[in-house]
Amino acid sequence: MRQKELASLSLEELWQLFPIVLTPHQSTWVNWYKKEEELLQKELSYINRISHIGSTAIKDIWAKPTIDILVEIHKEKKLADFKNAIERCDYICMAESCNRIDFNKGYTLQGFAERTFHLHLRHIGDNDELYFRDYLLENASVAKKYEQLKLNLWKQYEHDRDAYTSHKSDFIKHYTEKGKSSFAGKYNVHI
């Protein structure tokens, strides 16, 4: 029922209900991720890799208090075969294509729950976010530049998630490529 009710809202209504919110880094985010990782490992029959991605994985920078999780499965498996198991973990499917499925958890008709998650289900190797995360972890000055970019965009695009994301894309793309050069092949798993 929740999914149908949320799906019936217009984009503008969703953006009002779920605005961009940034907060200083919270040490509890790591524990939230670990608990969710344990749940997903237990409930999903086959995961190649599960990773904490996004700004909540970067210490000392402001972030949206939403834990981003990347779940990678073998390329021979169908993503759709995992959809029901993920939804049984209280996730709502928000976007689906043949090579990616995105889920949210902690989104209610009253707004954000105490803990919110975005789960990105992909095939192994579709993982640029890992290179971006690791580059920021290794380069504190770049992480702070990313924080400043987000803070500058926050209030202007508080109720326009697409514009907020779009204005970060060149920065993310640039440092993802630097990450791929720095950590060449680190996450390319041939299973």
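The structure is a prediction, so a few ground rules apply: local features need pLDDT of at least 70, side-chain atom pairs count only at pLDDT 80 or more, and totals for chains, interfaces and linings use all residues. Residues are numbered from 1 along each chain as its sequence is written, and side-chain values use heavy atoms, with hydrogens and water left out.

Start with the overall layout. The protein chain holds 7 helices and 5 strands; here helices (H or I, at least four residues) and strands (E, at least two) are DSSP runs, numbered from the N terminus. Reading from the N terminus on, the order of elements is α-α-α-β-β-α-β-β-β-α-α-α. Along the principal axes, the C-alpha atoms fill a box of roughly 45 × 45 × 30 Å. As for the radius of gyration, a compact globule of 191 residues would come out near 16 Å, and the protein chain has 16 Å, which agrees. That radius is taken over C-alpha atoms, and the globule rule is 2.2 Å times the number of residues to the power 0.38.

How much of the chain is tucked away? Of its 191 residues, 45% count as buried, where buried means under 20% relative accessible area, exposed means over 50%, and partly exposed lies in between (1.4 Å probe, protein chains only). The protein chain exposes about 10,400 Å², and carbon and sulfur atoms supply 49% of that area. These areas come from the Shrake-Rupley method with a 1.4 Å probe; for residues, only the protein chains shown count as cover. Contacts (heavy atoms within 4.5 Å) can also be sorted by sequence separation: among those between residues at least 6 apart in sequence, 66% join residues at least 24 apart.

Now for the helices. In α4 (residues 80-87), the buried residues are F82, A85 and I86. Seen down the axis of α4, these buried residues fall within an arc of 100 degrees, so they line one face of the helix; the arc is that of the directions from the helix axis to the C-beta atoms.

Buried in α6 are V142, A143, Y146, E147, K150, L153 and W154. Viewed down the axis of α6, they fall within an arc of 145 degrees, so they too line one face of the helix. Their cover includes α5 (128-138) and α7 (161-182). Turned away from that buried side, the other face of α6 carries the exposed residues S141 and N152.

Two loop residues have a positive phi despite not being glycine. For D60, phi is near 70 degrees; this residue sits in the loop between β1 (49-53) and β2 and counts as exposed, at 58% relative accessibility. For D90, phi is near 75 degrees. The place of D90 is the loop between α4 and β3 (92-96), and at 45% relative accessibility D90 counts as partly exposed.

Last come the charged pairs. Side chains of opposite charge can pair when their charged atoms come close. A salt bridge here is a side-chain nitrogen of Lys or Arg within 4 Å of a carboxyl oxygen of Asp or Glu, and by this rule the count comes to 11. One of them links E72 and R49, at 2.6 Å from N to O. E72 lies in strand β2 and R49 in strand β1, so the pair ties together parts that are 23 residues apart in sequence. Both E72 and R49 are buried.

Another salt bridge joins D126 and R100, whose closest N and O atoms are 2.8 Å apart. D126 belongs to the loop between β5 and α5 and R100 to strand β4, so this pair connects parts 26 residues apart in sequence. D126 counts as partly exposed, at 22% relative accessibility, and R100 is also partly exposed, at 34%. E158 and K155 form a salt bridge as well, at 4.0 Å from N to O. In this pair, E158 is partly exposed at 22% relative accessibility, while K155 is exposed at 54%. Finally, salt bridges that share partners join R100, R122, D126 and E129 into one network.
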